[in-house]
Amino acid sequence: MPAEECGEAPLRRQPAQRRSARRVERMLDACADLMDEIGYESLSTTRIAERAGVAIGSVYQFFPDKRAIAQAVTRRHVERFVSRIGRRFLLEDYRGWWEAVDAIIDEYVEMHRTVPGFRSLHFGDVVDLNLLDAVSENNMVIAGRLRGLLLQEYGLADSEELDLAILVAVEAGDAVLKLAFRRDPHGAPEIVAEAKRLIRGYLNRQFVGASAWEKPAIPSSSGARCEE
């Protein structure tokens with residue numbers, strides 16, 4: 001299964017001038033804020049235009065409907081998420097892949113706490129399981145992007161088994177982290193710790209024998225050691 005990329009952009013047309021690009025960004029910011037305040041069902045292009053301080057015609061110039069705007073916000077979330085993880089990989093030293101996985105989870109939690117619209121849209125599943133891509137489900141797209149980062153960082157041989165393992169890890173982590181935020185608006189720390197332990201243990205079992213990943217034992221997030 002090759003790395004999944006996002007499909008065609010939700011924009012009707014790309015802004016040609018800087019002023020138009022800033023106007024589109026204001027629309028996306030307005031959509032993100034309103035998602036947190038009133039939810040997707042109550043969202044409308046009229047409300048987005050009012051919050052962004054633009055004419056409704058400007059909205060339709062770039063987006064056909066509210067779903068397309070939410071789709072654009074979700075894609076912006078993905079790009080920021082991957083960019084922030086990539087920056088952490090450059091600036092921070094990890095003892096192994098398990099600490100890189102912890103960093104990915106920490107970034108998800110931080111964006112959930114601080115980025116407008118992230119807790120409402122996550123990566124689009126509240127609106128549509130295929131919001132990021134017309135064919136692939138959202139988490140498959142996310143798994144493809146994270147897979148690319150991990151392959152680049154740790155040099156693991158590409159394989160269908162790797163694709164499947166990372167997809168399962170993303171799905172499992174996503175479900176447990178959503179539970180953490182249902183229990184606590186800031187993310188219940190004990191459940192976040194369990195998400196890390198779950199993903200570490202699962203990936204450790206999947207990649208025993210793969211040279212770039214093989215370790216005799218992985219420290220758990222609580223300081224204990226997770227044996228293979």
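Which residues of H9 are buried? The model examined here is predicted: local features need pLDDT of at least 70, side-chain atom pairs count only at pLDDT 80 or more, and totals for chains, interfaces and linings use all residues. Residues are numbered from 1 along each chain as its sequence is written, and side-chain values use heavy atoms, with hydrogens and water left out.

In H9, the buried residues are Ile-191, Val-192, Ala-195, Lys-196, Ile-199, Arg-200, Gly-201, Tyr-202, Leu-203 and Asn-204. Buried means under 20% relative accessible area, exposed over 50%, and partly exposed in between (1.4 Å probe, protein chains only). Helices (H or I, at least four residues) are DSSP runs, numbered from the N terminus. Helix H9 covers residues 189-206. Its 18 residues should span 26 Å at 1.5 Å a residue, and the end C-alpha atoms are 26 Å apart, which agrees. The expected span is 1.5 Å times one less than the number of residues.

Helix H2 (residues 45-52) contains Thr-45. Thr-45 counts as buried, at 9% relative accessibility. Its side chain joins that of Tyr-60 in a polar contact of 2.7 Å. Such a contact is a pair of N or O atoms within 3.5 Å; within protein, one must be able to donate a hydrogen and the other to accept it, and residues adjacent in sequence count only if both atoms are side-chain atoms. Thr-45 and Tyr-60 lie 15 residues apart in sequence, with 8.4 Å between their C-alpha atoms. Beyond four places in sequence, Thr-45 touches Ile-56, Val-59, Tyr-60, Asp-65, Lys-66 and Ile-69 (heavy atoms within 4.5 Å).

His-77 belongs to helix H4 (residues 66-91). His-77 is buried, with a relative accessible area of 1%. A polar atom of the His-77 side chain lies 3.5 Å from the backbone nitrogen of Phe-118.

Notes
Helix = DSSP H or I, 4+ residues; strand = E, 2+ residues; numbered from the N terminus.
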